[in-house]
Amino acid sequence: MDITSIPLLAMLRGRMTYFAERQRLGAENIANVSTPGYRPRDLAPYRFRVPGAGSGPSRSRGSESVTVMDVTHPAHQRPQDPESIAAARGLRPERRPGFETTLDGNQVSLEEEMLRMADSRMNYEAAIGFYQKSVTMIRTASRAPSK
């Protein structure tokens with residue numbers, strides 16, 4: 001059995017991908033803090049895939065759950081730009097209303113972005129910790145018993 005096919009590890013990798021993409025969007029929002037009319041973007045809350053719902057990560061769109069097809073063969077065409085990569089992984093950036101709007105229409109709040117990025121970083125680090133502990137546990141279980 002390949003270690004990458006273990007559902008727990010696949011879920012943790014998906015979670016790490018989600019929070020890495022959320023960090024990227026936060027950095028993009030901060031970079032556009034002085035762009036007139038810019039509205040910040042964020043990802044919809046992370047949802048775990050329901051077993052048996054189909055292959056690939058799932059995302060929620062309104063009241064329905066949509067499954068995104070995985071790239072399962074090296075000959076499959078891969079998206080190139082970050083937006084397409086995020087979409088292929090089931091991560092769709094969405095505009096979210098800002099609580100503060102400047103006179104030029106910009107809705108980015110540095111305080112909100114920094115809080116969101118800190119939250120994403122802590123969740124990413126927690127997922128890495130769980131991943132490392134899981135791999136350590138699998139290695140321990142797969143060793144031959146000592147006599």
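Here are some friendly notes on the predicted model shown above.

1. **Ground rules.** This is a predicted model, where local features need pLDDT of at least 70 and side-chain atom pairs count only at pLDDT 80 or more, while totals for chains, interfaces and linings use all residues. Residues are numbered from 1 along each chain as its sequence is written, and side-chain values use heavy atoms, with hydrogens and water left out.

2. **Overall layout.** The protein chain has three helices and four strands, running α-β-β-β-α-β-α from the N terminus. Both kinds of element are DSSP runs numbered from the N terminus: helices are H or I with at least four residues, strands E with at least two.

3. **Surface and interior.** Of the 147 residues, 27% count as buried. Buried means under 20% relative accessible area, exposed over 50%, and partly exposed in between (1.4 Å probe, protein chains only). The protein chain exposes about 10100 Å², with 58% of that supplied by carbon and sulfur atoms; the areas come from the Shrake-Rupley method with a 1.4 Å probe, and for residues only the protein chains shown count as cover.

4. Met-117 sits in helix α3 (residues 110-142) and is buried, at 18% relative accessible area. Leaving aside residues up to four places away in sequence, Met-117 touches Gln-23, Gly-26, Ala-27 and Ile-30; contact means heavy atoms within 4.5 Å. Gly-26 is 91 residues away in sequence, yet the two C-alpha atoms are 6.2 Å apart.

5. The structure holds nine salt bridges, each a side-chain nitrogen of Lys or Arg within 4 Å of a carboxyl oxygen of Asp or Glu. One of them joins Arg-22 and Asp-42 at 2.9 Å, N to O. This pair links distant parts of the chain, from helix α1 to strand β1, 20 residues apart, and both residues are buried. Next along, Arg-41 also belongs to strand β1 (residues 41-43) and is buried at 12%. The Arg-41 side chain makes a 2.5 Å polar contact with that of Glu-28. A polar contact is a pair of N or O atoms within 3.5 Å; within protein, one must be able to donate a hydrogen and the other to accept it, and residues adjacent in sequence count only if both atoms are side-chain atoms.

6. **Bridges within helices.** Glu-21 and Arg-24 form a salt bridge, with the closest N and O atoms 2.8 Å apart; both lie in helix α1 (residues 7-31), three residues apart, about one turn. Glu-21 is buried at 10%, whereas Arg-24 is partly exposed at 26%.
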